[in-house]
Amino acid sequence: MTSAPRVLAVLDDLLRAATHEERGALWQLAEQGRELDANLVRLPSGAEVGEHQEDVLDVLLVVVEGSGRITAPEGVLDLAPTTAVWLPRTSRRALAAGPDGLAYLTVHRRRPGLTIKSPATSRIERPAAPPVAPPAPHDGGGEAPCMLDRVCPACGRLSHDPEPVFCSRCGERFE
């Protein structure tokens, strides 16, 4: 990792290279050691990101092209180029693109990656747990539940919503 400033992307070039019907993240900040995440997202004309809530992070959304609206319980916010919107954590909102589509940049603190640590590598000292009875046998067979249906097919983000409709990062519809 270098600490020198550098150009990572020219958003106009990325937008010109994409078709007006392309949907989702056109660019993502991917530098090693970063403390921020950023995404350039495009929604085609009339596309929507359904109502959702980010429970952990505040998000800054900056419109770079097109128009649209954010609908929240508190009202509707119109979006146009150069509009900057703060989306506080725990706020509920839905996004809709206008007739010319909507392209926006989101910036937020980087979310740590999902990791699984063994008890031997954990730094937290925990008291010994009481013995746990083995699980009761079940006759349904199969494997333990999987969360793959909650992983966005476009950007790979795991949704906290047990039945997601749209990805809160890139706007892709879950199928």
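Helices (H or I, at least four residues) and strands (E, at least two) are DSSP runs, numbered from the N terminus. The model is predicted, so that local features need pLDDT of at least 70 and side-chain atom pairs count only at pLDDT 80 or more, while totals for chains, interfaces and linings use all residues. Residues are numbered from 1 along each chain as its sequence is written, and side-chain values use heavy atoms, with hydrogens and water left out.

Gly-101 lies in strand β7, which covers residues 92-109. Gly-101 counts as buried because its relative accessibility is 5%, where buried means under 20% relative accessible area, exposed over 50% and partly exposed in between (1.4 Å probe, protein chains only). With neighbours within four places in sequence left aside, Gly-101 is in contact (heavy atoms within 4.5 Å) with Leu-43, Pro-44, Ser-45, Glu-65, Gly-66 and Ser-67.

Cavities and pockets were found on a 1 Å grid over the protein atoms alone: a cavity is a set of points where a 1.4 Å probe fits but cannot get out, and a pocket is an open set with protein on both sides within 12 Å along at least five of seven lines; lining residues have an atom within 4 Å of a point. Grid points are joined across faces, edges and corners, and a volume is the space filled by probe spheres set on the points. Two cavities of 30 Å³ or more are counted by this rule.

The second largest cavity has a volume of about 40 Å³. Gly-101 is part of its lining, together with His-20, Arg-42, Leu-43, Pro-44, Glu-65, Asp-100, Leu-102 and Ala-103. Two or more lining residues come from each of β2 (36-43) and β7, and β7 gives the largest share, four residues. By class, this lining has four nonpolar, two polar and three charged residues (Ala, Val, Leu, Ile, Met, Phe, Trp, Tyr, Cys and Pro count as nonpolar, Asp, Glu, Lys and Arg as charged, and the others, Gly among them, as polar).

The largest cavity has a volume of about 210 Å³. Of its 18 lining residues, His-52, Val-59, Arg-93, Thr-106 and Ser-168 lie nearest the centre. Strand β7 provides the largest share of this lining, five residues.

The second largest pocket has a volume of about 320 Å³. It is lined by 18 residues, with His-52, Gln-53, Ser-159, Asp-161 and Ser-168 nearest its centre. Strand β3 (residues 48-53) contributes the largest share, four residues.
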